[in-house]
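Hello,

Here is the structure we discussed handing over. My notes on what turned up in it follow below.

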Amino acid sequence: MSHHPLTVANTIVVLEANEGRVLDALEVGMLTYEAHAWVLAYTGKPLCSEPVKAWRHGPAFDSIVEAYRSLRRQEPVTRLATTTDVAGKKACAVIPKSEASTREMIVAVLDAHRHMTGVQLCNGTHEDGGPWMQARRTAREDERPVIPQQWIIDWCRARLNRSEASQDFRNCA
């Protein structure tokens with residue numbers, strides 16, 4: 001089941017807070033992208049219901065950029081994000097505990113990336129031949145093209161195959 005990116009982001013904020021870690025907006029955005037990418041690569045199904053776009057400095061979900069726009073660089077995220085759904089209600093809590101396998105996959109991603117800063121996570125998406133680089137290669141400076149899911153799948157499957165964390169990830173899915 002795919003979720004609004006802010007629901008995934010909120011889940012990450014809560015899971016990391018439970019570990020005593022406070023994230024900044026860049027970390028939240030990049031970890032949400034990484035979770036989406038790994039889940040997509042492993043299951044073939046998107047974790048997030050919104051397309052990933054190739055923003056100027058890295059891959060991002062529009063809704064996450066908008067939700068955290070008011071935060072200054074490296075300012076901690078101290079509250080859960082919300083958005084207005086089609087019925088005009090505030091929405092975007094967290095992924096429910098009943099979706100244990102989804103939450104376990106997110107935890108595996110967090111475990112694999114916990115040692116990295118937001119900048120390091122972002123720089124990691126800039127690999128030559130990676131989906132962000134492919135999308136940005138032909139984009140104008142002010143353009144934010146959608147990154148095709150197949151590019152993300154191919155890139156992440158290659159990363160999973162060479163990653164020590166891949167076994168932990170496979171065990172939880």
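Four elements, α2 (25-43), β2 (58-60), α3 (62-67) and α5 (118-124), each supply at least two residues of the lining of the largest pocket. Helix α2 gives the most to that lining, with five residues. Please keep in mind that this is a predicted model.

The largest pocket has a volume of about 840 Å³. Its lining consists of 31 residues, and those closest to the centre of the pocket are Ala25, Leu26, His57, Ala60 and Val65. Sorted by class, the lining has 13 nonpolar residues, eleven charged ones and seven polar ones.

As for the chain as a whole, its secondary structure comes to eight helices and four strands. Along the sequence, these follow the pattern α-α-β-β-α-β-β-α-α-α-α-α. Of the 173 residues in the chain, 46% are buried. The accessible surface comes to about 9,100 Å², and carbon and sulfur atoms account for 49% of that surface. Among the contacts with a separation of 6 or more, 70% are between residues 24 or more positions apart.

One residue I looked at separately is threonine 11, which is found in helix α1 (residues 5-18). Is threonine 11 buried or exposed? Its relative accessible area is 1%, and the cut-off for buried is under 20%, so threonine 11 counts as buried. Leaving out residues up to four places away in sequence, threonine 11 touches Val94, Ile95, Arg103 and Ile106.

Regards

Conventions: Residues numbered from 1 in each chain as written. Predicted model: local features only at pLDDT ≥ 70, side-chain atom pairs only at ≥ 80, totals over all residues. Heavy atoms only, no water. Buried < 20%, exposed > 50% of the residue type's maximum accessible area, 1.4 Å probe, protein only. Contact = heavy atoms within 4.5 Å. Areas by Shrake-Rupley, 256 points an atom, 1.4 Å probe, with all protein chains shown as cover. 1 Å grid on protein atoms, 1.4 Å probe; cavity = no way out; pocket = protein on both sides within 12 Å on 5 of 7 lines; lining within 4 Å. Points joined across faces, edges and corners; volume = space filled by probe spheres on them. Nonpolar A, V, L, I, M, F, W, Y, C, P; charged D, E, K, R; others polar.
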